[in-house]
Amino acid sequence: MKPSDKQFAVIGLGRFGLSVCQELQASGAEVLAVDINEDRVREAANYVSQALVANCTSEDTVAELRLSDYDMVMVAIGSDVNASILTTLVVKEAGAKSVWVKANDKFHSKILSKIGADHVILPERDMGIRVARKMMDKRVLEFQELGSGIAMTEIVVGARLLGQTLGDLALCKEQGVQVLGFKRGPEVIKAPSLEKSLEIGDVIIIVGPRDTLTRKLSSL
């Protein structure tokens, strides 16, 4: 599936939510941006496919938005913890496929996990992790030559690949290219399923013809 085939909804348009909207739209996805603040919605309308003023703590409102049609919903509500929790609960009960939620602290994060959030983000912590990884890794690391024109390398997943699967990557469909392994934090998976969903900071270990890898990696 191409990035342009993906549909995302972002609820809460503070600095974090708006940044997510801008990056997703720039990557070719279709984005629905939602907030109760008209000024924020007006600003988001400059960047996204559709922007709406709505209160997503309301079951009726969420039902009208048909969020179950979207590949992923991000609840990025800021300081109002109660609204964040209630919105997450309502969105999950409305049948959203995957719900990611921004948390303010560990306590907030625990509650969100207990009510069914599929992925919880602590921005300051996660940013620290990403910065450290960028300090240690390049997006594409050096090739390890294996002879006969074959090479092995690693790819560090950035925002452009967020939400895609290994199978979505055109590189993985090239003749002779094989995914050897997949790293997420301390976890290492050998011969991962192509249905594996990608997150920022994941590392994909691949092998294949050097010329093919060089050509395709330049477009990631």
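Author: A contact means heavy atoms within 4.5 Å. The model is predicted: local features need pLDDT of at least 70, side-chain atom pairs pLDDT 80 or more, while totals for chains, interfaces and linings use all residues. Numbering starts from 1 along each chain as its sequence is written, and side-chain values use heavy atoms, without hydrogens or water.

Reader: What share of the contacts with a separation of 6 or more joins residues 24 or more positions apart?

Author: The chain has seven helices and eleven strands (DSSP runs: H or I of at least four residues, E of at least two, numbered from the N terminus). Take its contacts with a separation of 6 or more.

Reader: What percentage of the 220 residues is buried?

Author: Buried means under 20% relative accessible area, exposed over 50%, partly exposed in between (1.4 Å probe, protein chains only). Of the 220 residues, the buried share is 41%.

Reader: Which strands stand at the edges of the open six-strand sheet?

Author: The sheet runs S3-S2-S1-S4-S5-S6, with parallel pairing (at least two DSSP bridges between two strands). Each edge strand has a single partner, so one side of each lacks a neighbour in the sheet. These are S3 (50–53) and S6 (119–121).

Reader: Which residue of S4 is the bridge partner of Ala9?

Author: Strand S1 covers residues 7–11, and S4 covers residues 72–75. They pair in the parallel sense over four bridges. In S4, the partner of Ala9 is Val73.

Reader: Why do the buried residues of H5 lie on the same side of that helix, and what arc do they cover?

Author: His108, Ser109 and Leu112 are the buried residues in H5. On the other side, Lys106, Phe107, Lys110 and Lys114 are exposed.

Reader: Which elements do the buried residues of H5 pack against?

Author: Look at Leu112, which lies in H5 (residues 106–114). Beyond four places in sequence, Leu112 touches Ser84, Ile85 and Thr88, among others including Val101, Lys102 and Val120. The buried residues of H5 pack against H4, S5 and S6.

Reader: How far apart are the C-alpha atoms of Leu112 and Lys102?

Author: Leu112 is buried, with a relative accessible area of 0%. Lys102 is one of the residues that Leu112 touches. Lys102 is ten residues away along the chain, and the C-alpha separation is 9.2 Å.

Reader: Which residue with a positive phi follows H5?

Author: H5 covers residues 106–114. The residue that follows has a phi near 110°. That residue is Gly116.
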